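Good morning, and thank you for making time for this presentation.

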Amino acid sequence: MRKIMAVWDTNPLYAERLADFANERGRIPFRAVAFASADRLKEYAAKHSVEILLAGSDAPAEDVKEVRARQVIYLGEEKRADPEKLPSVYKYQNSDRLMREVMACYEGGDGRESVSITGRGKVIGVYSPVGRCRKTALALTLAQVWKESERTLFVTFEDCSGMKEMTGETYGECLSDLLYRYRHGGSCWEKIGAFIYTWGNVDYIPPFRYPEDLEGISGIELAGFLEDLAAEAGYGVIVVDVGQTGRQAAELLESCDVVYMPVLDDWVSQAKIREFEEYLAESGRDGVTERLEKVKLPVSGRAPAGENYPEQLLWGELGDYVRRLVGGGREREEE
């Protein structure tokens, strides 16, 4: 059962819109309920367990104290927080960013709670030993096509992904921080919403902050992280741009349900593909080989750069190709 996040502000319309946004996006482990008055809120809290109360900074302190809520987070009118009303988030900002800040403030759980609402999600890997094969474009398009029927999250293990420049976002916490918490036993999954951003139609976790953040992490650890992310993040599908993770790549691919490998026909590319296949055979990773699906992507109709890049991919030639690809995969699963 999802926990309750009550939203109470002296502007009822703001509270309703914020609650609607939180419920529509569906990526926080709460059901948001808006309240127009203190009396209604207190009546509700007396009968239901309220995990978080998002309270307007001008809400009367005595009323806030009377609400039975596990944690109070204030909706501040100013960017500079009132030291007497902490924790707080700035209410007049992008709603995505506001919800990430709420999840960052959340003190819930003992680290053992799961927020999964779908069970273990399907993991779709995108990998190729071949360069300049539109691997990332394929992964972004897959994430959008799958989102048409499932809650879908995009993750990249590229050490230099270019996501920051492409999205124009300034990131707070990212994959480096999430993986650090995971490796050191800190609270992780109940705060997953603090790590998730949206670019066009794509929900994603910002990539590693520095290439060095991948150093010292074994492929087994990364594979375990990916398995737990699929089980605990509450997404039906995880699309992973595996990147050029060296020897770790094969271990990551073992956690995938299917692996799409973009290929090219030139002599050098074919040599790289044969070498990778030989490596899988010699290292005993027959499971990866069985899940590997080579794909030749359309070469025309490349999407232009800019903030609408994901949407251009989705509705262009590559989007049509991926819909056929995903549709065929679903048909094979049902047989």
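In this predicted model, I begin with the residues of helix α5 that are buried: Lys 135, Ala 137, Leu 138, Ala 139, Leu 140, Thr 141, Leu 142, Ala 143, Gln 144, Val 145 and Trp 146. That is eleven of its 13 residues, and the helix is accordingly described as mostly covered. Helix α5 itself runs from residue 135 to residue 147. From its first C-alpha to its last it reaches 18 Å, close to the 18 Å expected at 1.5 Å a residue.

Which residue does Lys 135 meet in a salt bridge? The partner is Glu 158, with a distance of 2.7 Å from N to O. Lys 135 belongs to helix α5, whereas Glu 158 sits in the loop between β7 (152-156) and α6 (163-167), so this pair ties together parts that are 23 residues apart in sequence. Both Lys 135 and Glu 158 are buried.

A second contact involves the loop between α5 and β7, where Glu 148 lies. Glu 148 forms a salt bridge with Arg 323, and their closest N and O atoms are 3.2 Å apart. Because Arg 323 is located in helix α13 (residues 317-334), this pair ties together parts that are 175 residues apart in sequence. How is each partner classified by accessibility? Glu 148 has 48% relative accessibility and therefore counts as partly exposed. Arg 323, at 24%, also counts as partly exposed; the cut-off for buried is under 20%.

Arg 323 has a further salt bridge, to Asp 320, with the closest N and O atoms 3.7 Å apart. An α-helix has 3.6 residues a turn, so residues three or four places apart point the same way. Asp 320 has 40% relative accessibility and so counts as partly exposed.

Finally, I place these pairs in the wider count. The model contains 22 salt bridges. Elsewhere in the list, Lys 3, Glu 51 and Arg 70 are linked in a network of salt bridges.

To close, I would return your attention to Arg 323, which forms salt bridges with Glu 148 and with Asp 320. Thank you; I welcome your questions.

Note on methods: Residues numbered from 1 in each chain as written. Predicted model: local features only at pLDDT ≥ 70, side-chain atom pairs only at ≥ 80, totals over all residues. Heavy atoms only, no water. Helix = DSSP H or I, 4+ residues; strand = E, 2+ residues; numbered from the N terminus. Expected span 1.5 Å × (residues − 1). Buried < 20%, exposed > 50% of the residue type's maximum accessible area, 1.4 Å probe, protein only. Salt bridge = Lys/Arg side-chain N within 4 Å of Asp/Glu carboxyl O.
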